[in-house]
2 protein chains.
Amino acid sequence: MVSPVNAPTAAILVIGEEVLTAKVVDENSPYLLKELRKLGVATRRVEVLPDLVELIAERVRSARLAFDHVFTSGGVGPTHDDVTIAGVAAAFDVPVVRSPSLEKTIRELCAKDFHERDLRMADVPDGAELIYGEGIHQSPWPVTAKGNVYCLPGVPSILRRKFAMLRDRLSASPFFGKAIYSRLGEGAIAHLLDQTVAAFPDISIGSYPHLDRLDHKVMITLDSRDEVRLQAAATHLVGLLGDAVTRVE
Amino acid sequence: MVSPVNAPTAAILVIGEEVLTAKVVDENSPYLLKELRKLGVATRRVEVLPDLVELIAERVRSARLAFDHVFTSGGVGPTHDDVTIAGVAAAFDVPVVRSPSLEKTIRELCAKDFHERDLRMADVPDGAELIYGEGIHQSPWPVTAKGNVYCLPGVPSILRRKFAMLRDRLSASPFFGKAIYSRLGEGAIAHLLDQTVAAFPDISIGSYPHLDRLDHKVMITLDSRDEVRLQAAATHLVGLLGDAVTRVE
């Protein structure tokens with residue numbers, strides 16, 4: 001399947017020892033995948049990584065060079081296992097510095113429950129941008145971004161609020177999609193899919209066996225940013241499949 | 001957090017255009033993470049990748065050299081977007097060859113519903129091992145493995161059956177874990193965690209803020225393959241935390 005033409009691309013890096021050790025199921029990458037898709041951004045990579053600075057640095061570096069946007073989740077608190085900021089800084093070959101404005105905010109927000117150690121959350125990669133959001137999404141606590149890398153928290157409810165602060169700057173032109181359901185199995189229709197892929201190389205075409213459905217054996221998906229081409233490809237394939245088609249959505 | 005000492009390691013590579021495009025939520029990596037953990041295998045990497053042969057080859061190569069076991073999920077059917085076998089073969093610098101025994105099995109299993117194209121599922125990396133399982137997990141359709149890379153299907157119900165065929169060969173010594181709940185927040189206890197990490201460098205210690213619980217603010221996890229050391233570390237940390245501890249599990 002080809003990648004949608006001209007879509008801005010993204011990678012999601014979950015810094016998640018707790019995910020790797022099966023203590024929690026990652027909710028953040030499914031959420032980001034769905035929201036980015038709605039915004040017209042094509043996520044091309046998801047990785048779940050342990051809390052190791054050098055590894056995070058290597059994978060952030062690889063992702064920031066290969067994709068338009070990179071989102072990290074997790075590892076931004078004040079404890080020993082919070083090493084995402086150090087990893088992102090290393091990926092840009094810059095030091096970690098303490099942000100005076102974040103330090104001030106932490107002292108104010110924590111007030112009586114303030115501990116020196118909370119100031120670790122004021123540490124950012126040198127030259128980081130602090131994004132406070134706009135309108136109803138404005139927040140006294142910003143999203144830290146370095147270049148095209150956005151550092152989001154691991155707690156799902158907070159990650160969602162922080163992602164909302166970024167929406168406006170990420171929005172692209174939308175994707176269009178169709179699903180065609182076939183009563184014949186993949187082996188029987190593979191050559192027809194090949195013909196359609198050859199005739200419409202600009203359309204992303206996927207084939208997924210559904211084993212437990214009564215009315216079809218395969219779901220075929222077509223995706224594009226060009227609604228007219230998408231319709232042409234769908235019409236072409238439906239013509240080839242003939243009465244194997246049980247429905248089109 | 002350090003990786004558990006001496007545990008066999010694993011990587012999971014989800015070949016999942018449908019996951020990246022948010023059509024389905026990946027169930028396979030959470031399942032494999034949990035099952036591998038139960039078997040005493042430490043998964044250190046999860047990646048979700050698009051259906052691109054060169055990329056799959058690069059990531060399988062990286063994973064097979066870095067980890068004891070590698071599991072791929074998806075991309076093993078007969079259609080144009082099924083490229084996992086080609087990617088795994090390229091990662092080992094071997095050609096894809098047709099397995100005579102798999103060809104025979106496909107012709108038998110498909111019988112009247114056989115299509116030439118189904119034979120693509122008889123293609124394996126040269127030198128692949130075919131694992132048929134034992135006892136109640138025995139199956140006429142094997143898991144294809146090349147070296148330390150196991151190629152599992154993307155359909156969750158089939159992946160689970162196929163993984164069951166591998167269990168016996170993966171089993172290692174188990175992990176032990178404890179969770180300590182703190183009524184104080186991360187900033188207040190970070191220095192106590194540091195002390196424990198320094199005193200017990202062989203124990204994996206994680207800290208996770210829980211924002212919506214009434215009885216605690218942080219869950220601290222301790223993991224080890226050594227039950228005695230684990231207990232010692234937990235006792236040490238509980239002593240440091242004093243009456244901040246609300247419970248230990």
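## A salt bridge at the end of chain A

A:R247 and A:E249 form a salt bridge, with their closest N and O atoms 2.9 Å apart. A:R247 has a relative accessibility of 32% and counts as partly exposed. A:E249 is also partly exposed, its relative accessible area being 48%. Please keep in mind as you read on that this is a predicted model.

## Chain A as a whole

Let us step back to the chain that holds this pair. Chain A is built with 9 helices and 12 strands. Its C-alpha atoms fill a box of roughly 70 × 35 × 35 Å along the principal axes. Chain A has 249 residues, and 56% of them count as buried.

How much of the contact in chain A comes from residues 24 or more positions apart? Among contacts with a separation of 6 or more, such residues account for 70%.

A:S73 belongs to strand 3, which covers residues 69–73 of chain A. Is A:S73 buried or exposed? Its relative accessible area is 3%, and because buried means under 20%, A:S73 is buried. Leaving aside neighbours within four places in sequence, A:S73 touches A:L13, A:V14, A:I15 and A:N28, and also A:L152, A:P153, A:G154 and A:L159.

A:S157 sits in helix 6 of chain A, residues 156–164. With a relative accessibility of 42%, A:S157 counts as partly exposed. Where A:S73 has A:L159 among its contacts, that leucine position falls within the residue range of helix 6. A:S157 and A:E27 are 130 residues apart along the chain, and their C-alpha atoms are separated by 9.9 Å.

## Salt bridges within the chains

Over all chains, a search of the whole structure finds 40 salt bridges. One of them joins A:R169 to A:E129, where the closest N and O atoms are 2.8 Å apart. This pair links distant parts of the chain: A:R169 is in helix 7 (residues 167–170), A:E129 is in strand 6 (residues 129–131), and the two are 40 residues apart. Both ends are partly exposed, A:R169 with a relative accessible area of 41% and A:E129 with 36% relative accessibility. Chain A also has a network of salt bridges that links A:R45, A:E47, A:E58 and A:R59.

B:D93 forms a salt bridge with B:R61, and here the closest N and O atoms are 3.2 Å apart. B:D93 lies in the loop between helix 4 (84–91) and strand 4 (96–98), while B:R61 is in helix 3 of chain B, so the bridge ties together parts that are 32 residues apart in sequence. How accessible are the two ends? B:D93 counts as exposed at 60% relative accessibility, whereas B:R61 is partly exposed, with a relative accessible area of 30%.

## Where the two chains meet

The size of an interface is often given as the accessible area lost when the parts come together. Between them, chain B and chain A bury about 4600 Å², and 59% of that is on carbon and sulfur atoms. Each side is represented by 54 residues: 54 from chain B and 54 from chain A.

How many salt bridges cross the interface of chain B and chain A? The rule finds 8. In one of them, the side chains of B:D223 and A:K23 meet with an N to O distance of 2.6 Å. There are also 12 residue pairs in polar contact between chain B and chain A, counting pairs with both residues at pLDDT 80 or more.

Several elements of chain B each supply at least two residues of the side that touches chain A: helix 1 (17–20), helix 2 (28–38), strand 2 (42–49), helix 3 (53–66), helix 8 (186–199), strand 10 (204–209) and strand 11 (218–224). Which of them gives the most? That is helix 8, with 8 residues. Sorted by class, this side of chain B has 24 nonpolar, 11 polar and 19 charged residues.

Strand 2 of chain A (residues 42–49) is joined to strand 2 of chain B by 3 bridges, and the two strands run antiparallel. In this pairing, A:V46 has B:V48 as its bridge partner.

Methods
Residues numbered from 1 in each chain as written. Chains lettered and ligands numbered in written order. Heavy atoms only, no water. Contact = heavy atoms within 4.5 Å. Buried area = accessible area lost by both parts, 1.4 Å probe. Salt bridge = Lys/Arg side-chain N within 4 Å of Asp/Glu carboxyl O. Polar contact = N/O pair within 3.5 Å; in protein donor to acceptor, adjacent residues only side chain to side chain. Helix = DSSP H or I, 4+ residues; strand = E, 2+ residues; numbered from the N terminus. Nonpolar A, V, L, I, M, F, W, Y, C, P; charged D, E, K, R; others polar. Pairing = 2+ DSSP bridges. Buried < 20%, exposed > 50% of the residue type's maximum accessible area, 1.4 Å probe, protein only.
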